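Thank you all for coming; I would like to walk you slowly through one protein today. Please bring up the sequence and the structure, and keep both in view while I talk.

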Amino acid sequence: GLGWDGVHPRGLLRLSDDILRRWMALMLKCERLGLWPEHVGVVVIVLLPKGDGTFRPIGLLPHLPRVWMRARRDEAKQWEIKCDRPFLYAGSGRGSTVAAWKQAARAEVAAASEEKYAQVLLDLVKAFERIPYRVLMREALRLGYPLRLLRLAIATYKLPRVIRVGGAISDLVWAARGIVAGSGLATTEMRLVMIDIVDKASAAHRSVTPTLFVDDLSCEQAGDHERVVEELGGFTRHVVLRIHADSMEVSGTKSMVSASHPSLGDALQAKLQQFRIPSVLRVKSLGVGLGAGIVRNTKVMKTRLNNFSKRIPRFKMLRRAGVNTAKLVRTGGIAALMHGFGGSGVSPSILLHQRIAVQAAAAPKAGLGGQELEVAMMIADGTKTGRADPAFPA
């Protein structure tokens, strides 16, 4: 998405080397001063609809701060490497699907060992928007994050904003706290806020296994009933109280406890009753359905299948307009349909429905018989290396 100025960063490639050097000199001066030019522009906050009926605010920055953040991303990455932790997931070899797969594996190992197992999923309310700048500064000093980057990033977040909903645009507003989701340094700054919180909780409760993916925090433990309640409950209390002390909030409706036995879930819910975190068996962690290692959770995969099926009329409309819908399926459709299934597996019946849905979106002329479905999937694959068939990721 383009910001208020309508300038795409790649447009700078058309400029001469002399002008680009002037651009770099300007950004270096802004970095030294910690300020942007007076007329750098506004941040456009776009509200994107979410599946639960709410909206996700995404910020479109002016092109100068946007290019600066991209240019400094390498330096922020070096800090991430320096301050790496085993519980941090995001990056090469540590994607959300890897984290969810490990959670599912730990739960199933506990079930196979006949140990009690519980998991607490914590959801921060408007995580990016509620971070106080004093907390960012405090944690940057604690963890050695480059202060000149943080100062200019905060100056970016303090730029005047407008909120855009469809074609309607609000008056100018100014934020007193919060980082802009969608900025080039947002995920690094969220990591900056959360590292010490998890570090301190882990030091006090070493048997708990935390997993942090940007702002999604999960903590797990297996063992006997009393130890799980004491350690996992204590870890969760430590984290939630620290988050509240930093003027942020943990959701009492989206946060959940999942346990392998009802009595264990009830005991953890009672220990965390002041935070109103409910106990349920089936949960969704990082887009993957989990069930404490004792039950399968097919709700997530069925929801993804239903959402894909609802888009089939759009695929047909695009195909009538001459669009190669098989390519759309290969490049994005399968990823949306099959995300995270490595942690839960796919039953033959669900896989059949997935293949029929993909066939309808990508190769409608084939029949639904077994052999014809196979041929349709081969045609949709397009080449020997094509992967339109859901059977490949399954």
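This is a predicted model: local features need pLDDT of at least 70, side-chain atom pairs count only at pLDDT 80 or more; totals for chains, interfaces and linings use all residues.

Now let us step back to the whole protein. The secondary structure comes to 14 helices and 10 strands, and the C-alpha atoms fill a box of roughly 65 × 60 × 40 Å when this is taken along the principal axes. Of the 394 residues, 45% count as buried. If we take the contacts between residues at least 6 apart in sequence, 69% of them join residues that are at least 24 apart.

I turn next to one of the sheets. Strands of a sheet pair through backbone hydrogen bonds, and they may do so in a parallel or an antiparallel way. Here there is an open sheet of 4 strands, in the order β2-β1-β4-β5, and its pairing is mixed. At the edges are β2, residues 55-60, and β5, residues 168-169, each of which pairs on one side only. Strand β1, which covers residues 43-49, runs antiparallel to β2 and is joined to it by 6 bridges; along this pair, you can find L48 standing opposite R56 in β2.

From the sheet we move to the helices. An α-helix has 3.6 residues a turn, so residues three or four places apart point the same way. In helix α2, residues 63-71, the buried residues are H63, L64, P65, V67, W68 and M69. What covers them includes α1 (17-33), α3 (73-82) and α6 (147-157). And how many residues of α6 are themselves buried? In α6, 8 of the 11 residues are buried, so this helix is largely enclosed by the rest of the structure. The buried ones are L149, L150, L152, A153, I154, A155, T156 and Y157.

Let me now come to the empty space. Rolling a probe the size of a water molecule over the atoms shows where such space is left. The largest pocket holds about 1,900 Å³ of space, and it is lined by 47 residues, of which K50, R56, D123, K254 and K284 lie nearest its centre. Which element gives the most? That is α10, with 6 residues.

There are also some individual residues that I would like you to find. K126 has a positive phi of about 45° although it is not a glycine, and it lies in the loop between β3 and α5. A292 likewise has a positive phi, of about 60°, without being a glycine, and its place is the loop between β10 and α10. Are these two buried or partly exposed? K126 is partly exposed, at 42% relative accessibility, whereas A292 is buried, at 3%.

Leaving aside residues up to four places away in sequence, D389 touches I334, R355, M377 and D381.

I will end with the cysteines. A disulfide is a covalent bond between the sulfur atoms of two cysteines. How many disulfides does a search of the whole structure find? The search finds 0. As for individual cysteines, C30 is buried with a relative accessible area of 4%, and C219 is buried too, at 0%.

Key:
Residues are numbered from 1 along each chain as its sequence is written. Side-chain values use heavy atoms; hydrogens and water are left out. A disulfide is a pair of cysteine sulfur atoms within 2.5 Å. Buried means under 20% relative accessible area, exposed over 50%, partly exposed in between (1.4 Å probe, protein chains only). Contact means heavy atoms within 4.5 Å. Two strands pair if DSSP finds at least two bridges between them. Helices (H or I, at least four residues) and strands (E, at least two) are DSSP runs, numbered from the N terminus. On a 1 Å grid over the protein atoms alone, a cavity is a set of points where a 1.4 Å probe fits but cannot get out, and a pocket is an open set with protein on both sides within 12 Å along at least five of seven lines; lining residues have an atom within 4 Å of a point. Grid points are joined across faces, edges and corners, and a volume is the space filled by probe spheres set on the points.
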